[in-house]
Structures are given as structure tokens and as C-alpha cells.
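Here's a quick walk through one model, from the inside out. Have the viewer open while you read.

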Amino acid sequence: MKNILIINGHQQYGSSSGKLNQTLMDSMVRLLEEKNTIQTTIIQNGYSIEAEQQKFLWADIIIYQTPIYWFSVPGLFKTYMDEVYAYGLFFKGADQYGSGGLLTGKKYMFSTTWNAPKQAFNDPTQFFKGNNLEEAISHLHRVQEFLGMQPLKSFACYDVVKNPNVDKFVSELDVHLKEVLNF
């Protein structure tokens, strides 16, 4: 049994209500709560900085469910990181830059939703110039590495605005979670 923190990083943006990200989060909770202890945070609903820090310290695995806005997380999610990821609690100074993470022994996973189609990745003639998903979000991985955490394979739903196949996304996420969490 693992302690798993699932964070929904969606932020209301234009006509995007966050229904898909909440559906994916709810699906994760349903799947994982049978054999694990789950805590959740929906950033848009507000949070206590101290309570969030305690959730991170408690968790073995952190799953970030987030849309990708302008190739990164929503602004509110970035503010959450700025407020919650505290010096002395999550990281400290070190002789070698980036090696002072205090969340060692913890793993994390990104579950992302993209307007970009899957074909935009892994093809040098497309927008991401041949980069795969992990490379496209490498800046987000660096943040977690700075804290000392180890990555699990990321998940993505592509083309979610033009082709919102929610049942397919949920099914693929379930398969992905079973694969990366070995159950």
C-alpha cells in the first residue's frame, strides 16, 4: 500500500471548465484507492500551504493531473509550486546546484492534457521537432528533480479540444497507471 497524492492543476481558462482533468483525477482515485491511501488537492478550489506541504511529506507518489497551457502548467499551478515548495523542507542549498532535494525516495508522475495532436510529437517535421512527451515537458521534470523526486513515465491525452474522446482517455490512463505502478 502506497500513500498517493493526486493534484489537479487545472485553472479556468476561457471556455475550459476543467471537466476532463477532474474526470481523469476522479478515475485515478477510483482505481488507486482500492490498494492505496489517497489524498487529493484541487488547486483552483484553494489550499493551505502548510497542509499541502504535509501532504507531500506524507506521500510516496505524487501525481500531477494538469492541462498544458502555453507549453507549461497553468499560472495558478505555478503559484502553488512557488508557495508550497519551501526551502529547508523540500530542498536546501548544496555544493552542486540541483542536488539539494529533500524529497528523495518519492516518485512523481505527470498526467497531462494537450490541445496538440499526438502527431505533433516524435516527428522532426512537426511542431515539437521530433521531441517526445517527456522532452516537451522536461522543464517540469527539472522542477521535480530539483526536489529530489524520481519520475514515473508521464501520460498524455492529446487533441482534447477537437477530439475529446473522454472514454478512451480514461481507459488509456487506467492502463498506464497499472503499468507504471505495477499492479
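This is a predicted model: local features need pLDDT of at least 70, side-chain atom pairs count only at pLDDT 80 or more; totals for chains, interfaces and linings use all residues.

The buried residues of α1 are covered by, among others, β1, β2 (37–42), β3, β4, β6 (155–157) and α6 (166–180). Residues are numbered from 1 along each chain as its sequence is written, and side-chain values use heavy atoms, leaving out hydrogens and water.

Helix α1 itself covers residues 19–32. Its buried residues include L20, L24, M25 and M28.

## The cores

How many residues does the largest nonpolar core have? It has 32, and F56, I62, Y64 and W114 make the most contacts inside it. A nonpolar core, by the way, is a set of buried Ala, Val, Leu, Ile, Met, Phe, Trp, Tyr and Cys residues joined through side-chain atoms within 4.5 Å. Elements giving at least two residues each are β1 (3–8), β3 (61–67), α3 (75–84), β4 (107–113) and α4 (133–136), with the largest share, 4 residues, coming from α3. A second, separate core of 23 residues includes L20, M25, L32 and I61.

## Salt bridges

The structure holds 5 salt bridges (a Lys or Arg side-chain nitrogen within 4 Å of an Asp or Glu carboxyl oxygen). Here are some of them.

| Pair | N to O distance |
|---|---|
| K78 and D82 | 2.5 Å |
| E145 and R142 | 2.9 Å |
| K153 and E179 | 3.8 Å |

K153 sits in the loop between β5 (150–151) and β6 and E179 in helix α6, so this pair ties together parts 26 residues apart in sequence. K78 and D82, by contrast, are both in helix α3, 4 residues apart, about one turn. E145 and R142 are 3 residues apart in helix α5 (residues 138–146), again about one helical turn. An α-helix has 3.6 residues a turn, so residues three or four places apart point the same way.

## Out on the surface

Is W70 buried or exposed? W70 is exposed, at 71% relative accessible area, and lies in the loop between β3 and α3.

Note on methods. Buried means under 20% relative accessible area, exposed over 50%, partly exposed in between (1.4 Å probe, protein chains only). The expected span of a helix is 1.5 Å times one less than its number of residues. Contact means heavy atoms within 4.5 Å.
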